[in-house]
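Subject: Structure handover and notes

Hello,

Please find the structure below. My notes on it follow.

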Amino acid sequence: HRLVEMLSQRISGLALGYEDLNDHEQLRNDPLLGLLSGKRELEEPLAGKSTLNRLELVGRSQRYHKISYSAEAIDRLLVDLFIESHIAPPDQIVLDLDATDIPLYGHQPERFFHGYYDSYCYLPLYIFAGDQLLCARLRPANQDAAKGSVEEVSRIVEQLRQRWPEVKIVLRADSGFCREELMVWCEQNHVDYVLGLARNQRLARIIGREMQQARLQHQTTGKAARIFAEFSYRTHKSWSCSRRVVAKAEYLDKGENPRFIVTSLTAD
């Protein structure tokens, strides 16, 4: 089997949702996959699972192993594609950070139970700019959602500014990423941030007047009521300085629904 055929077979299979090598025991006889893989004679089978396994698996046999990779080059590729998609430099780039679950059903390495997702899963980190993916980092689920985010953001921002030195960059994420390390890095590197801030009793007391106004407005109109406020806030221990917090005192049919963000952006 030619190397280009085996690579095309494996990549096409992944794109079509056949992630397991075992699937190729049947797929190797599929004429459409043979055509996609560039097979010269479609009546001849493609590579089987064992051949593809030897192709991919590192350390078993130098004779068969032909796929190696540069992790750094792969990381740079996603940002390079984003940069190349722009005819002119953008005025502003908003980087969205998120962590989500990949459910696991077997006994994969580094398999852990995650209470929020109520399942055994991995917890990959994703960074998007609009609908374009800039980072996908596979991680086990037994760690903080924000772990490693400073390193990934730093790498992406450096690459973006090499091409666009003047571009404004804003970091956006939910409260799982509201961490001192990430905010300090942004403040030191001229990157703005808008991060969700988990509610607590101190924050609730600060917007007590606004929440009362929202409750009275809801009772009068029967509709959802929202009143916004902003103030300087600092945690007792985890933050090194005071930061601007914007609050939404919201009252719904089900009751109070306060929300908070911390941001380096000014009111202007």
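The side chains of E152 and R155 make a polar contact at 2.8 Å; a polar contact is a pair of N or O atoms within 3.5 Å, where within protein one must be able to donate a hydrogen and the other to accept it, and residues adjacent in sequence count only if both atoms are side-chain atoms. This is a predicted model, in which local features need pLDDT of at least 70 and side-chain atom pairs count only at pLDDT 80 or more, while totals for chains, interfaces and linings use all residues. Residues are numbered from 1 along each chain as its sequence is written, and side-chain values use heavy atoms, with hydrogens and water left out.

E152 lies in helix α6, residues 149-163. Helices (H or I, at least four residues) and strands (E, at least two) are DSSP runs, numbered from the N terminus. E152 counts as buried because its relative accessibility is 9%; buried means under 20% relative accessible area, exposed over 50%, and partly exposed in between, with a 1.4 Å probe and protein chains only. The pair R155 and E152 also meets the definition of a salt bridge, at 2.8 Å from N to O, that is, a side-chain nitrogen of Lys or Arg within 4 Å of a carboxyl oxygen of Asp or Glu. Both of these residues, R155 and E152, are buried. They are three residues apart in helix α6, so about one helical turn separates R155 from E152.

A network of salt bridges links D75, R137, E152 and R155. Setting aside neighbours within four places in sequence, E152 is in contact (heavy atoms within 4.5 Å) with L125, I127, C135 and R137.

Helix α5

D75 is also one of the buried residues of α5, which are D75, V79, F82 and I83. The cover over these buried residues includes β1 (92-99), β5 (125-129), β6 (132-137) and α6. Helix α5 itself runs over residues 71-84 and has 14 residues. From first C-alpha to last, α5 reaches 20 Å, close to the 20 Å expected at 1.5 Å a residue; the expected span is 1.5 Å times one less than the number of residues.

Other salt bridges

How many salt bridges does the count come to by this rule? The count comes to 12. One of them joins the side chains of R172 and D96, at 2.5 Å from N to O. R172 lies in strand β7 (residues 168-173) and D96 in strand β1, so this pair ties together parts that are 76 residues apart in sequence. R172 counts as partly exposed, at 43% relative accessibility.

The side chains of D144 and R179 also meet in a salt bridge, at 2.9 Å from N to O. D144 is in the loop between β6 and α6, and R179 is in the loop between β7 and α7 (180-188), so the pair ties together parts that are 35 residues apart in sequence. D144 is partly exposed at 34% relative accessibility, and R179 is partly exposed at 32%.

T263

T263 is placed in strand β12, residues 259-263. Is T263 buried or exposed? It counts as buried, because its relative accessibility is 5%. Not counting residues up to four places away in sequence, T263 touches Y193, V194, R244 and V246. Its side chain reaches the backbone oxygen of Y193 at 2.8 Å. T263 and V246 are 17 residues apart in sequence, and their C-alpha atoms are 7.7 Å apart in space.

Surface and backbone

L16, Y18, L32, L35, L36 and L42 make a nonpolar surface patch of about 610 Å². Patches are made of residues with over 30% relative accessible area and no salt bridge, with like charges joined within 9 Å and nonpolar side chains (Val, Leu, Ile, Met, Phe, Trp, Tyr) within 5 Å. Accessible areas come from the Shrake-Rupley method with a 1.4 Å probe, and for residues only the protein chains shown count as cover. L16 is in the loop between α1 (3-15) and α2 (24-27), and it counts as exposed at 55% relative accessibility.

Most residues other than glycine have a negative phi. E110 has a positive phi, near 55°, and is found in the loop between β2 (102-103) and β3 (112-114). The phi of D118 is positive too, near 55°. D118 lies in the loop between β3 and β4 (119-122) and is exposed, with a relative accessible area of 60%.

Regards
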